[in-house]
Amino acid sequence: MTELYAIFIFLFVLFLLLGSSVWVGLALMGVAWVGMELFTSRPAGDAMITTIWTGASSWTLTALPLFIWMGEILFRTRLSQDLFRGLAPWLRFLPGGLLHTNIAGCTIFAAVSGSSAATLNMVGKMSIPELRSRGYPEHMIIGTLAGAATLGLMIPPSLTLIVYGVSINESITKLFMAGIFPGLVLSGLFMAYIVFWHFTTKGPRPKPEPAMSFGQMMKESMFLLPVMGLVFVVIGSMYTGYATATEAAAVGVVGALTLSAFQGSLNWKTFSTSLMGATRTSAMIALILMGAAFLSLSMGFTGLPRAMAELIEGYNLSPIALIAVLTVFYLILGMFMDGLSSVVLTMAIVEPMIRAAGIDVIWFGIFLVVVIETAQVTPPIGLTMAIVEPMIRAAGIDVIWFGIFLVVVIETAQVTPPIGFNLFVLQGMTKHEIGYIAKTAIPMVGLMLLMVVILVVFPELATWLPENIRSRN
Amino acid sequence: MRDWQPILGLPLWFWLFIAPSLFALFCLYNRNIARRIITPVWRVLDPIYKISGVIAASFMAIILCLIVGQMVSRWTGTVFPGGTEFAGYAMACTSFFALAYTLNHGAHIRVSIFLNMNDFLRYWLDAFAMLISAITATYFARYAVKTNFFSEMLNDRTQGLDQVPEWVLTVVATFGTWPWNWSELWASSSSDMVYTPVWLPQIAMSIGTILLAIAVWDNLYRLLINKVTSIKSETVE
């Protein structure tokens, strides 16, 4: 009974604080403090600082600011222009044409940056005007971009995976390795969708690109090659066990600085803005991690995580069923919160559960990222429909009535924004209405849910590579 | 030492939580007087936030140097004792020094669904959230400082192999004591290497959390006085 009571108190205080827009990190501390005071006799403040200090001064965490910094440096180079110009000549032969630059561009930039907002901004800034001027349909430009940008969360270096790894004490290198194939498969799915769209729709086609000699093609992608080289060095050094995740990040920063110096875009201004920007992002994540560390300590004292794990064991819930439940749970959570917060918020409870169910934690990390990615582009209605429709039919509720009800909800949803964060970034860039952007993203949501299924059916996609690295730590 | 020892006849929690809240009320009802009182303070605080951000950024550069140094020493076969510990300390310094600076640049994330609903909520809910945040941050800072003092009292040392020269500790300790103790302090100090005491890197935690607490209270006052939040976020991070 105490556990039920504890769950209720935790959830109530959490939603109260988060809902009243207290900063996430401080809100987590507040919840944890309430838990400590109510359920234990330990001095809350002292336990809090001990945990936070141990977490904040840990060496594992140093990969975080360095990877952020690497992305920031390349973000401020002329990489985005070169990304489009360099990719276009190679991709124009594919059915669907230059729309593929969205996917390929996001995949490459995802490999140097750990956040999907940065990926979206970087690629979109250049590709949206270029694709528009060539007459590609607007909904495809925006939809593919919204979907592909989420690859930033999956393809290493991924900030979400670092945070996940730090929260559950798993090797970051392994998690990074696990993200590679699912990320590539997902980007393959997006490209397949563009090809599919090309053959199934009729209508005016954009003009084919003018022919270009091979030498010219190489010249256009001159800057792209070193960036891809950097990606290979960073990931390769981790894979071969030559460097830890932190050291690979340091190599990445030095490489990014060198590249931007050669490109001529490195000056005091870009250097200092990239450094200050990285400092802010890293401190933002650090504060959330501090709050999360205290919260998981506090929850540990209440015995809640153990009770939940025992509950799973007691019910004999199969891993598949547990995964299905968690998918829905994270999709809903992810629509209201950003990915990082939803990971740290739930790990204290979910980790014992998945360990109890015998699920591989590395695999689960990748799974989590796919689901969160999906949630970032999910318009609330699309999801609600998929899950709710069969339910309301079974419950004998009038579907027509429900349609009206939904319209009201949609209208409300258009003024309140509990929609994926990516859609907002796109809104800022394209000045389209959020409803329109959400609609263009729906096929991508479908693809990403397909990815969840693929990941459940073929878990080796995530687990094979990390099991085969020569790891240092 | 009790947690809320009285100062000037009133318990510490009065000075940390009640007094700043009372000033917030004062700001709400006497905007113009409050503005005149607090403007000189703002002139001092703004550069401090900025400087702490710059300090945090330089520690990030130090992390890079430490990691690169560690790799180079591994290639060349020399030993770099305690490199990982130092990188960890630098990490803590980056995080803690940047807290307030990050807050003022709107980079700390929050759930802003209700905040963006209408102007009434934008003002009152933000004020409420800042009050709660300020109290939490003050609590955080109070115990960070306490832990820092305790680490010094118990002479808590690192568990790693990292060592620092003793004169560095003495330089820092000089600022923490009265001038008439300085001669004694320096006389008893040597230039040997000693295992890093935990209180040294923890100073970053104390300073950073105090600054964060001040910054949150400060932003609350600015909101109440100016009627608009002074936290401006960059478009996309």
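**Chain B against chain A**

Between chain B and chain A there are 7 residue pairs in polar contact, both residues at pLDDT 80 or more; that term is a pair of N or O atoms within 3.5 Å, one able to donate a hydrogen and the other to accept it, with residues adjacent in sequence counted only if both atoms are side-chain atoms. On the side of chain B that touches chain A, 43 residues are nonpolar, 13 polar and 5 charged. Here Ala, Val, Leu, Ile, Met, Phe, Trp, Tyr, Cys and Pro count as nonpolar, Asp, Glu, Lys and Arg as charged, and the others, Gly among them, as polar.

This is a predicted model, where local features need pLDDT of at least 70 and side-chain atom pairs 80 or more, while totals for chains, interfaces and linings use all residues. Side-chain values use heavy atoms, without hydrogens or water, residues are numbered from 1 along each chain, and chains are lettered from A and ligands numbered from 1 in the order written.

The salt bridges between the two chains number 2, meaning a side-chain nitrogen of Lys or Arg within 4 Å of a carboxyl oxygen of Asp or Glu. B:K146 pairs in this way with A:D46, their closest N and O atoms 3.0 Å apart.

Now the extent. Chain B brings 61 residues to the contact and chain A 62, contact being heavy atoms within 4.5 Å. About 5,300 Å² is buried between them, 76% of it from carbon and sulfur atoms; this is accessible area (1.4 Å probe) lost on putting the two parts together, summed over both. B:M60, B:M91 and B:I109 supply 13% of what chain B buries against chain A, more than any other three residues.
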